[in-house]
Amino acid sequence: KLSKRLETVASFVPTGAVIADIGSDHAYLPCYLINNKIAKKAIAGEVVKGPFESAVRQVREEGLIHKISVRLADGLEAIEDGDKVDTITIAGMGGPLIVSILEKQPEALKNVTRLILQPNIHAKVIREWAMKNNWALLDEVILEEDAKIYEILVLQRGEMNLTEQELLLGKHLMNEKSDVFIKKWQREIDNLKRVLSSLEGAESTPDVVAKREEILHLIS
Ligand code: SAM
């Protein structure tokens with residue numbers, strides 16, 4: 001059974017999509033999408049040999065080799081010209097790594113109309129990247145599973161203008177203000193307060209002053 005996290009990612013894949021799941025590990029997500037007749041065809045990309053082999057094994061075991069191509073490749077290099085990929089999923093990595101993958105081969109996004117991104121941390125850099133590169137948030141989800149809090153960002157082509165606060169917190173998530181959202185940011189505030197009080201005792205170098213200002217700004 002798929003995790004609630006990946007099931008939520010899957011719920012945003014349009015029916016009939018041709019998807020590329022980058023950093024697919026066991027290829028659980030592409031297998032689920034094909035088995036449930038959500039995606040028409042899928043590519044599972046992996047840059048590390050161990051997970052790549054797990055993906056190959058999984059796809060074989062589920063009898064899906066005609067529908068899922070497993071490729072050992074760095075990021076979007078897994079996508080080939082003839083694939084006609086229209087949807088990309090990247091889940092279970094930090095926001096900065098997700099952005100670096102998207103920035104490395106921007107031409108691979110040419111025919112892509114939807115990105116479903118699940119950063120484990122620093123979703124903000126993804127919103128910043130999206131705003132700069134003409135992607136707009138169609139939806140956002142925050143969820144908790146096994147004591148971890150995850151965010152899922154669903155992007156489609158379009159303009160958006162987010163404030164500094166919306167970039168950090170997520171426009172949709174801010175409006176919705178779910179219990180998980182409150183929990184996440186309460187946790188962040190507690191951590192920042194801890195850092196702040198440890199800075200109180202620190203020497204006032206420009207770095208310390210800047211950090212203190214930044215934290216005060218964030219929690220005010
Ligand atoms: N996507 C799955 C999920 O959400 O459960 C697996 C997440 S796993 C924590 C991250 C995977 O991304 C690892 O298997 C890692 O090898 C792969 N990865 C990291 N950087 C990558 C890159 N540049 N290209 C392809 N895969 C990458």
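In this predicted model, the ligand sits in a shell of 16 residues, with Gly23, Asp25, Val47, Ala91 and Gly92 the closest. Two elements, β2 (39-46) and β4 (87-93), each hand two or more residues to that shell. The top contributor is β4, which supplies three. Sorted by class, the residues around the ligand come out as eight nonpolar, five polar and three charged.

Turning to the packing, the largest nonpolar core holds 56 residues, and Ile19 and Leu33 are the ones that touch the most other members. Helix α2 (residues 28-35) provides the largest share of this core, with six residues. For Leu33, once neighbours within four places in sequence are set aside, the contacts are Ala10, Val13, Ile19, Ile38, Ala39 and Ala42.

As for the overall layout, the protein chain splits into domain 1 (4-161) and domain 2 (177-220). Their centres, taken over C-alpha atoms, lie 32 Å apart. Where the two domains meet, four residues come from domain 1 and five residues from domain 2. On the domain 1 side, strand β6 (residues 135-145) gives the most, with three residues. That side has three nonpolar residues and one charged residue, with no polar ones.

Notes. Residues are numbered from 1 along each chain as its sequence is written. This is a predicted model: local features need pLDDT of at least 70, side-chain atom pairs count only at pLDDT 80 or more; totals for chains, interfaces and linings use all residues. A nonpolar core is a set of buried Ala, Val, Leu, Ile, Met, Phe, Trp, Tyr and Cys residues joined through C-beta atoms within 7 Å. A residue is buried if 20 or more other C-beta atoms lie within 10 Å of its own, exposed if 12 or fewer, and partly exposed in between; C-beta atoms are placed from the backbone. Helices (H or I, at least four residues) and strands (E, at least two) are DSSP runs, numbered from the N terminus. Two residues are in contact if their C-beta atoms, placed from the backbone, lie within 7 Å. A residue is near a molecule or strand if its C-beta atom, placed from the backbone, lies within 6 Å of it. Ala, Val, Leu, Ile, Met, Phe, Trp, Tyr, Cys and Pro count as nonpolar, Asp, Glu, Lys and Arg as charged, and the others, Gly among them, as polar. Domain bounds come from an automatic or database domain assignment.
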